[in-house]
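We will walk along the strands one stop at a time.

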Amino acid sequence: MQQEVPGQQTGVTVDFDRYPNAQQLLKRCQDFFAEVENLTPGRDLEVYLNENYGPGNGVYEDLCSLTRKGVEEGWAADVEISGPNYRRSKLAVPSEATRFFSITTVYFNSQEEFSGQHHSHPYGEINCVVQIDPTAELKGMQGWKTAWTSPGPGTHHYPQSRGGAVVALFFLPAGRISYSANPDDPQPASL
Ligand SMILES: [Fe+2]
């Protein structure tokens, strides 16, 4: 399995010619972007997504099932960050084709609370929670979630998981993410 170089931003790591399901996931992400591109990450969007794009919604179900296939087929979240239980892959860097969102998958597998790499999102983040185990959860700025989180612009956090295996399929406006924020820095007024 590939190993990530600490601190290094990666380009696209997925071989789309080899994996039709990766192409399909990219297409469904594009469909989702067409619907949400004018909305701003943050608390209100998190509520909106959990109410309108949760289980039973076609786009959400496809994002989840295709990401799970990606884990099985070995193209989603296949690059180790720190061992086999914390892995990542990059599906897209910002471009016109993705309305200038980046697309990344991160795999977490821990029953106990696990904290990943502290980071900030200068323009916010939209994060689709893809449960591998039905008890798994991810923590956003509004607490533990099983479908969507959306930290607002300028927020910073340790990405946290618990309850088993889960994938964060996340979208960053303009691909903006920073690993230089201090955990003690104040959070912005709006989370
Ligand atoms: Fe984050």
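Begin at the hairpin: it links strand 7 to strand 8 through two residues. Strands here are DSSP E runs of at least two residues, while helices are H or I runs of at least four, and both are numbered from the N terminus. You are looking at a predicted model, in which local features need pLDDT of at least 70, side-chain atom pairs count only at pLDDT 80 or more, and totals for chains, interfaces and linings use all residues. For your selections, residues are numbered from 1 along each chain as its sequence is written.

Select residues 143-145, which form strand 8; strand 7 pairs with this strand in the antiparallel sense over three bridges. Pairing requires that DSSP finds at least two bridges between two strands. Look for Gly-140, whose bridge partner in strand 8 is Gly-143.

Opposite Glu-137 you will find Arg-162 of strand 11.

In which order do its six strands run? Follow them as 1-2-3-12-6-9, with antiparallel pairing. At the edges are strand 1 (79-80) and strand 9 (148-149), each pairing on one side only.

Inside this order, select 101-110 and 164-173: strands 3 and 12 pair in the antiparallel sense over ten bridges. Phe-101 has Pro-173 as its bridge partner in strand 12.

Finally, show residues 20-36. Helix 1 lies across strands 2 (86-92) and 3, at about 70 degrees to strand 2. Such angles run from 0 to 180 degrees between N-to-C directions, with axes fitted to C-alpha atoms, for helices over the stretch in contact; contact means C-beta atoms, placed from the backbone, within 7 Å.

Terms used. Two residues are in contact if their C-beta atoms, placed from the backbone, lie within 7 Å.
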